[in-house]
Amino acid sequence: MRDGLVAIKGVKDGLLVSLNESEDWQRVINDLAARIDEQSSFFAGAKISVDIGTRPVPKYALSSLKALLERRNLMLSVIISDSDTTLEAAQALDLRTAIATEKPGQPQPTDTINPEEDGSPGVLIRRTLRSGRIIRSAGHVIVLGDVNPGAEIIAHGDVIVWGVLRGSVHAGAEGDTGAIVCALEMTPMQLRIAGVAAQLPNPKRRTPAPEIARLEQAQVVIISWNR
Amino acid sequence: MAANQMRGKVVTITSGKGGVGKTTTTANLGVALARLDQKVVVVDTDIGLRNLDVIMGLENRIVYDLVDVVEGRSKLKQALIKHKQLPELYLIPAAQTRDKTAVSPQDMIQITNELRKEFDFIILDSPAGIERGFRNALAPADEVLIVTNPEVSAVRDADRIIGLIEAQNKGPAKLILNRVKMDMVKRGEMLSPTDVTDILAIKLIGIIPEDELVVSASNNGIPVTLNETSKAGMAYRNIARRLMGESVPFMPLESNTGFFQRLAKLFTGD
């Protein structure tokens, strides 16, 4: 980060552009455009993820950001944000979205009494995830609602669904074999923990009850919540 | 908000998946509402693939279409085609030769605001898909009705559409479950209405039973609602009454089962 408006770094499958959360939006966008034009060969053809942070950005502004990138032959692949407004605007534009959970610039809490209470990063989503919605999180994901077929959650941590899990879930997506998935009703389309796919029983034969899935000896086991 | 204070109500019929019965539903609700003495206009927003005019039996009367109005070649009034039997029912057809980009969501808001002054109901027949045509039809909606069939793929698309409608703050949409075959539901071979509402979690406004009369009626350009003996026609007439705010008890599709009584609780009717 050189001037504090736009930070750009290479990530696994493209470039991550982090936009300043507090400066004037138009200044930030102009700076981004200038940076791209300065180093067009560096950017050429890249897939761009844009981290907008907590700023609520309306649909028209996101749409012009998308157009700005497209004019430069760059593909806007994901919008990362903490703002519901921004996420919904991105959804309305059919952009992939992710909820930011780890802020690189954010100071980590230091005065630890009980490490468990320090808080590991997580997101709470208070709505049903419908088909087509993809949640990617570097932390835990908690959904207050159902996860419908065609919706997908990819979390580095645990996934807790207070509702019916019918979609696809990957917990411990970066290799955390201690990650768990639990749901009030566990009938997922696909379920993976740390890359290991679960053998799912026929949902028709199951009685709906809260269940928890975890890895035991490199296999996903699903057991009833009533121990 | 100002728009909502005007007389007419804009009802958008959409589905995500194609072929589930949006256009048939639009035509039948238009006819059913007109027969309840409402002044109704049905608008085909499926630019390039028009067929509402065919189902309404008005194909041979088209002079101007929606795109002519948008591009100023015709006044709105000139594009309104009056129905043959029902003097309170009108159609604005889609253009056959253009594509969806010929109309913008803003155009649709403008046109429907004009129509609101004259009509009680403006029913928009949305094209399939989640692209521009869908957004055109959604933009001016006061109420959104989602048509789906009791099939996994249709329900999946309906779910996606409901999410998009929620994101546009146009919800909550209501559901029309079309082409239900009760004997198959009973044998467990077809998703039941409850299976569908469990996933979609929106209110049902109607269940249309499978009815062969629908196909022949559509082919003849006489919507099935005009046929008093058709069960599907009856179901459409009930939806029309519910749209007008009436609480209509659920139609017993089969006399020997309590199944549909149990469904009653899924309805908006209070």
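At 1.5 Å a residue, the 14 residues should span 20 Å, and the ends are 20 Å apart, so the two agree. The expected span is 1.5 Å times one less than the number of residues. Helices (H or I, at least four residues) and strands (E, at least two) are DSSP runs, numbered from the N terminus.

This is a predicted model: local features need pLDDT of at least 70, side-chain atom pairs count only at pLDDT 80 or more, and totals for chains, interfaces and linings use all residues. Residues are numbered from 1 along each chain as written, chains are lettered from A and ligands numbered from 1 in the order written, and side-chain values use heavy atoms, without hydrogens and water.

**Stop 1**

Show the buried residues (under 20% relative accessible area, 1.4 Å probe, protein chains only). They are A:Trp25, A:Val28, A:Ile29, A:Asp31, A:Leu32, A:Ala33, A:Arg35 and A:Ile36.

**Stop 2: between the domains**

Color chain A by its domain assignment, which is automatic or from a database: domain 1 is 6–98 and domain 2 is 122–224. The contact (heavy atoms within 4.5 Å) takes 6 residues from domain 1 and 5 residues from domain 2. The C-alpha centres of the two domains lie 29 Å apart.

The area buried between them is about 520 Å², with 34% from carbon and sulfur atoms. Buried area is the accessible area (1.4 Å probe) that two parts lose on being put together, summed over both. Select A:Gln91, A:Arg96 and A:Thr97: they supply 56% of what domain 1 buries against domain 2, more than any other three residues.

Next, pick A:Arg127 and A:Glu88. Their side chains meet in a salt bridge at 2.4 Å, N to O. The rule asks for a side-chain nitrogen of Lys or Arg within 4 Å of a carboxyl oxygen of Asp or Glu. It finds 1 salt bridge across this domain interface.

**Stop 3: chain A against chain B**

Bring in chain B. Here 15 residues of chain A are in contact with 16 residues of chain B. The buried area is about 1300 Å², 38% of it from carbon and sulfur atoms. In chain A, select A:Asp94, A:Arg130 and A:Ser131, which lose the most area to chain B, together 43% of what that side buries.

Three residues of that side come from α4(A), the largest share. The interface holds 3 salt bridges. For one salt bridge between the chains, zoom in on A:Arg130 and B:Glu166, whose closest N and O atoms are 3.3 Å apart.

Methods:
Buried < 20%, exposed > 50% of the residue type's maximum accessible area, 1.4 Å probe, protein only.
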